[in-house]
Amino acid sequence: MDNTAKTIVLVLVQVVPLAAGYVLKRRGLMREEWGRPLSRFVIWFFNTTVCLFAAWVLPRRVEMVKLPVTAALFGAAVTAAAILMSRVHRKHGREERGAYIVASCISNYGFTLGGFVCLIFLGEQALSMQTVFIFPLVAYIYLVWFPTGRYYGTAGEKMGVFASLLTAFRDITTLPLAGTLAGLALNFAG
């Protein structure tokens with residue numbers, strides 16, 4: 001398959017599900033309240049499984065250290081930029097600012113679009129490298145960005161930043177982080 005065909009497949013994988021979801025919702029076959037349980041199922045099952053298996057089969061090479069270091073710096077920069085930019089929108093309330101910060105940080109550079117692009121254009125080895133790059137961002141998602149969303153959201157009115165961070169360890173949506181750590185443990189155990 002040439003790069004043009006790969007690009008078409010990439011676009012179709014992104015556009016067709018969105019269009020199908022829109023049509024199903026308009027026809028009354030899908031309901032908006034199904035979004036949260038469906039999203040949680042994807043996090044619990046698919047994301048956790050991908051994190052576990054991808055970390056389990058990673059090649060152990062010294063040059064791979066550059067990828068998580070770069071990702072950690074990237075995550076810090078994205079977080080700082082999102083917080084600074086959220087202050088530009090002063091008319092927005094606390095909840096809107098929190099949603100802005102989290103949405104700015106959690107873009108499609110991860111397992112969804114980023115992983116798919118790596119797989120299509122660079123093959124399976126690049127997908128493993130993408131997993132190494134994503135690992136610090138998985139930690140940011142569950143230990144920084146989700147707690148930030150909780151802090152700014154309605155839960156934040158009842159808890160501070162530290163309490164919100166601790167909630168990340170009790171929340172079942174952190175299973176992908178646990179899956180990644182389990183996969184790394186299996187990898188290093190041979």
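Which residues in H2 meet which residues in H8? This predicted model gives a clear list to start from.

## Helices H2 and H8

On the H2 side, the residues are Ile 43, Trp 44, Asn 47, Thr 48, Cys 51, Leu 52, Ala 55 and Trp 56. They meet Leu 175, Pro 176, Gly 179, Thr 180, Ala 182, Gly 183, Leu 184, Leu 186 and Asn 187 in H8. Sorted by class, this contact has 11 nonpolar and six polar residues, with no charged residues.

Now for the geometry. The axes of H2 (residues 35–56) and H8 come within 7 Å and cross at roughly 20 degrees. With that angle under 35 degrees, H2 counts as roughly parallel to H8. The crossing of H2 past H8 is right-handed.

## A look at Asn 187

Asn 187 sits in helix H8, which spans residues 175–189. Is Asn 187 buried or exposed? Asn 187 has a relative accessible area of 5%, so this residue is buried.

A polar atom of the Asn 187 side chain lies 3.2 Å from the backbone oxygen of Trp 56. Apart from neighbours within four places in sequence, Asn 187 is in contact with Ala 55, Trp 56, Val 57, Leu 58 and Arg 60.

## Helices H3 and H4

Here is another helix pair to explore. The axes of H3 (residues 66–88) and H4 (residues 94–105) come within 9 Å, crossing at roughly 145 degrees. H3 passes H4 in a right-handed crossing.

From H3, Val 78, Thr 79, Ala 82, Ile 83, Met 85, Ser 86 and Arg 87 take part, meeting Arg 97, Tyr 100, Ile 101, Ser 104 and Cys 105 of H4. By class, that contact has seven nonpolar, three polar and two charged residues.

Definitions and conventions. Residues numbered from 1 in each chain as written. Predicted model: local features only at pLDDT ≥ 70, side-chain atom pairs only at ≥ 80, totals over all residues. Heavy atoms only, no water. Helix = DSSP H or I, 4+ residues; strand = E, 2+ residues; numbered from the N terminus. Buried < 20%, exposed > 50% of the residue type's maximum accessible area, 1.4 Å probe, protein only. Polar contact = N/O pair within 3.5 Å; in protein donor to acceptor, adjacent residues only side chain to side chain. Contact = heavy atoms within 4.5 Å. Axes fitted to C-alpha atoms, helices over the stretch in contact; angles between N-to-C directions. Left-handed = near helix turned anticlockwise from the far one by under 90°. Nonpolar A, V, L, I, M, F, W, Y, C, P; charged D, E, K, R; others polar. Parallel < 35°, antiparallel > 145°, perpendicular 65-115°, else oblique.
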